[in-house]
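The exercises below are meant to be worked with the sequence and the 3D structure open side by side. Try each task before reading its solution.

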Amino acid sequence: MIKATINNVEIEAPEGTSILWAAKKAGFTIPTLCNHPDLKPGGQCGICVVEIEGIPGLKRACMTPVGEGFKVKTHTPRIMATRRQLVELILSNHDTDCLTCVKNNNCELQQLASIVGINVHDYSRSGERLPIDRSSVSIVRDPNKCILCGRCIQVCSNVQTVDALAVNHRGFDTVITTAFDAGLGNSVCINCGQCVVHCPVGALYEKSATEEVWEALHDPDKFVVVQEAPAVRVMLGEEFGMPTGSLVSGKMHAALRRLGFDAVLETNFTADLTIMEEGTELIDRLTSGRNLPLITSCSPGWIKFMETYFHDLIPHMSTAKSPQQMFGALAKTYYAEVKGIDPGKIVSVSIMPCTAKKFECQRPEMNASGYQDVDYVLTTREIGRMMREAGLDVKEMPDEPPDDILGDYTGAATIFGATGGVMEAAVRSAYRLVTGKELENVEIKPVRGLQGIKEAEIDIDGTRVKVAVAHSCGQARKLLNKVQDQIAKEGKSEYQFIEVMACPGGCVGGGGQSWGSNMAKRARRGESLYEEDRSLPLRRSHENPSVLALYEKFLEKPNSEKAHKLLHTHYYKRSTVDGKIKPAS
Amino acid sequence: MNLVRNHVLISIDAGTIMAGARAVEKALVDEINRQGLAGEIAVLETGSIGATGQGVVIVVYPEGLYYANVTSEDASEIVEEHLLKGRPVKRLIMTEMPRQQVIRKEKAGLLKEQARIVLRNSGVINPENIDEYIAEGGYEGIERAFTELKPAGVIKEIKDSGLVGRGGAAFTTAMKWDFASKAPGDPKYIICNADEGEPGTFKDRLILEGDPHKLIEGMMLAGYAVGAAKGFIYIRGEYALSIERLEKAITQARLYGLLGENILESGFSFDLAVMKGAGAYVCGEETALIESLEGKRGHPRNKPPYPVTEGLWGKPTVVNNVETLANVPEIIRNGAAWYRGYGTDKCPGTKVYTIIGNVATPGLIEAEMGTTLRDIIYEYAGGIKEGKKFKGALVGGAAGAFMGPEMLDAKMDFVNLKEYAAVLGSGAILVMDESTDIVGMLQSVLHFFKHESCGHCVPCRLGTKQLVEIVDRIAGGKGKVEDIESLVKISEVMRDTSFCPLGQSLNLPISSSLKYFRDEVYGRVQQPA
Amino acid sequence: MNREAILKKFEPNLSNILYIMHDLQDNNPEKYLAKEDIEACADYLNVPYSYVHSVASFYTMFSLKPRGRNIIRICESPPCHLMGADSLIDYLKGSLKVDIGGTTKDGMFTLELTSCLGVCGVAPAMMLNEEMFGNLTPEKVDSILDKRRKEI
């Protein structure tokens, strides 16, 4: 342990602790800008500088470990003046149209300017205005707001290993952008939105669909249905100041209904359906021994990543569509038929913790119903904005159930939102499908939690199935490199079933979550999902009565021809240069 | 066997090539052959003799006579008159001779001559011939290291010599080597920083072009001392001739068994590779250089860890400047005590300067530590051009400090200059005569930094931009007194918070220009009513 | 030489990236790194396309847009400034009718600025392609460029 003083407060900290964290222990929050708790400090902004007695100059608290006997000062007049100067410099090259910025009130630079007390503005804004990149269907990038903190690069490159964005050019001309400024929509970007949720300012945000949804809600000719992803119910409360991870399923239904949706349905319903389809696929593969391991396909960011960097594994992919797209295909067929609504008048909206879902719903093959299956995807942030605009506060809502016939869900569906959840849900049902018996203890703890790659061996009545779970594309890359290696060397992999989610933590850490997130918050949201699972009477997908009714009345059985047409899909090879589909060779 | 009676040395360096040295060389050889003197007169290439701006320079031995501004058309006259008839061609004799050369050749044995340590062979031997380096005592240092000193002895000898880095930071060389030798990790690396980009500096280029084997031997000694088997020379992409000469020299050294496996049966193996930069001043900063060598953008790393513990590919790495390494073979060959005979107690040895700007004979000189600026300008560089008055000098490159006339008698060394808040830096001395516009000079310095900032950190990326806007305003006559205050304020924030020395050092030219030329700078802004 | 032949000259190590890009650029008739060059380099070194672009854009000796057949790189560092580089740069801009970074209409010359070339003894100086020229005056620059025009 190292002993030091921070502003005369004595502290003890383990060796290697940064001054930033040591100061926090002493009760002082040193202002920062580029620093993020989940990322390595890059030292770009210099805001966190402190004085250390006997050491000349100022040192960055984020990347200087506290040393034995250090006497640190965190807010002398010199330090405070320096911080003000640095913030002024940042503002000299930042669009300060705060009132019209998507990050207004959530901007870390805005907060910092207020903390250090910027009241005069000495420097003129310098530099040309750069064009805003709107080429992506998911993400907008405004370089005029970018402060080059490098967080987006760290997540895109190190955490996700996607490498769509990079630091280009140098000096004052430095800009974070895609190669040759081609735009995110013409790059390998997988639309995961991790850059968006790590951006401290308004330089990266989702491409909003709120206007289109408002139009639809007020169009008397349209029948607007809405589905909500599992993770949204543990995120939406945060938009209204509730504690992180508050479970608001019932309040969410109520608020959506009040917003004017004609039917409030559930992605959780199709999550259960996914298990039926994917579980059946797993049993088929295990029986035939072909194309193992089976790899999950719920995460659209992961799908584009796979198509770009691992397309040789396409035969291993589950052909089951994601719950969002299964819902989309059923809303304009089964639902329309049963409810007697012209599918052409149905507007299908989904509320997602995700930005990649915006890309997924616009994939040209996602029109099994004869229409675009899902019309608009809104992130948790967007629906939060709409509710606030309508004067709705989720906190104040009563608990209401979803509507039928695409509304019921089990505990297995709700845990889809956390990494390992799809795996756990699939095992619960696969056990039944193989053995005809119910799994007694449905909680499969080894696949839960935030460890990068999780492994487990499941005993299905004597058959041992080795499974692995990866969250974040960087971890997926590691796992799949191993799989590729094993297949190349030994003809088969040690794993039979793999779950991949593109985002760290799974969907609770998606690119559509509330601003100001971090791994600790993702973990708390995940725990809330497991709580809901425990609280529900049904915890196995194959017990969902509405799903059973769907098969009985419409689809016949899992993996039937009709199920295949509506609920399954196919994949493409994509270019590592522009992310576009490569013509089949 | 033919007895060669005359040697004609032709200086082939980037400067003289520009002036047409290759054509002159060819014309001389052709003319000698035509006159049938081929066996008697040898034309040899050498590096820079230290003078620049005097066109093609040749030296005829044994007379030691220098000709300047020689053209191909002059070749026949030189051969006919001087080499055949023994009558020097008066109109071509160099008039503005580098003083050092005069002393060396005409008063051999004087102290000034011995002050050439780093440049001892430059302009004397043919850099493309390893035998000439060996004939001048080359590779004796590494032999002494193998047989007598052993690695610990090499470090001790360097420590005793008091050698400090010549790249600018003046860090004790032996300490760097000692840290690296003791640092856990394998393999270890030696990197020669030849990314010479400090404006006004070209000493490393002339060492590389004039005596590449000295650098190779210096790197071998460093490698032997710290236990490294591989060295890299990171060299500016613009230095085409240096790269060519170095690669030739490395090939020759390999052929002689001086590089490669088990050198001279010592059990020590060492090899070198030349890596070419691509235009980035910041890569002169050691960690940015390492990043670039690894194939990345040249962004500086956070320190600590320092390269001696975690450098290239995370391994212990010594990064030394060309001039530093060029001192090493001489120290090892002659001993630390000999080396301490030069310079001052606190700063032993010599410093190589590039003296340029408004001086009569711009060029490269090597002078003992502690020599005054006055001596360097007036003794070595022939004083101010066209008899004008000395106004000041920018010493140490763009990251250096301006000096006024009151600094003429300051002793130039790393320790002494610190007391005047100045630096020796790279050893560039840009001399300004009375007609120089200081604001214009400052403007040029600040534009340079804006262009070369890597963009990683806020203070440097945005600070340089603001400084340039302000200095442009002052130069354009639209500045205010507050603008000068802003220059100082911003550069102080940059000094305190920039991530690397590039942004940190910019305060120096600004504060020193105000220290020595305050009235002139304030005279350029609108006076408050 | 085709791209493949250039790549094959080097071991596929990341530390060779600058060498590879130097050669690819020299080989490109428009003296720049085209998308295809960046892609070839990325594939060969097994690094992301965006990475290669990012590195290339850092170094001034690489261009990511087409340039003229000859590259003029004129020094603007303090030593050349002291010896009159500014007026020379203005003269060149005027006589070539281009701005810094621009290419003449006939595609003959691209005018660029460079930091110190290390030939300050003969300031002001410039590089024309691989060749250095010093002690420049407007007349001298004219004759150098005229000579180059005639050589082509």
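Two residues are in contact if their C-beta atoms, placed from the backbone, lie within 7 Å. The model is predicted, so that local features need pLDDT of at least 70 and side-chain atom pairs count only at pLDDT 80 or more, while totals for chains, interfaces and linings use all residues. Residues are numbered from 1 along each chain as its sequence is written, and chains are lettered from A and ligands numbered from 1 in the order in which they are written.

**Exercise 1.** Describe the side of chain C that touches chain B.

Solution. Begin with the count: 33 residues of chain C are in contact with 46 residues of chain B. Finally, sort by type, with Ala, Val, Leu, Ile, Met, Phe, Trp, Tyr, Cys and Pro as nonpolar, Asp, Glu, Lys and Arg as charged, and the others, Gly among them, as polar: the side of chain C that touches chain B has 20 nonpolar, 11 polar and two charged residues.

**Exercise 2.** Decide why the buried residues of α15(B) line one face of the helix.

Solution. A residue is buried if 20 or more other C-beta atoms lie within 10 Å of its own, exposed if 12 or fewer, and partly exposed in between, with C-beta atoms placed from the backbone. By this test, the buried residues of α15(B) are Leu373(B), Ile376(B), Ile377(B) and Tyr380(B). Viewed down the axis of α15(B), these residues fall within an arc of 115° (taken from the directions from the helix axis to the C-beta atoms), and therefore they line one face of the helix. An α-helix has 3.6 residues a turn, so residues three or four places apart point the same way.

**Exercise 3.** Explain why strand β8 of chain B is largely enclosed.

Solution. Five of the five residues of β8 (residues 317-321) are buried, so the strand is largely enclosed by the rest of the structure. Thr317(B), Val319(B) and Asn321(B) cover one side, with Val318(B) and Asn320(B) on the other.

Methods:
Helices (H or I, at least four residues) and strands (E, at least two) are DSSP runs, numbered from the N terminus.
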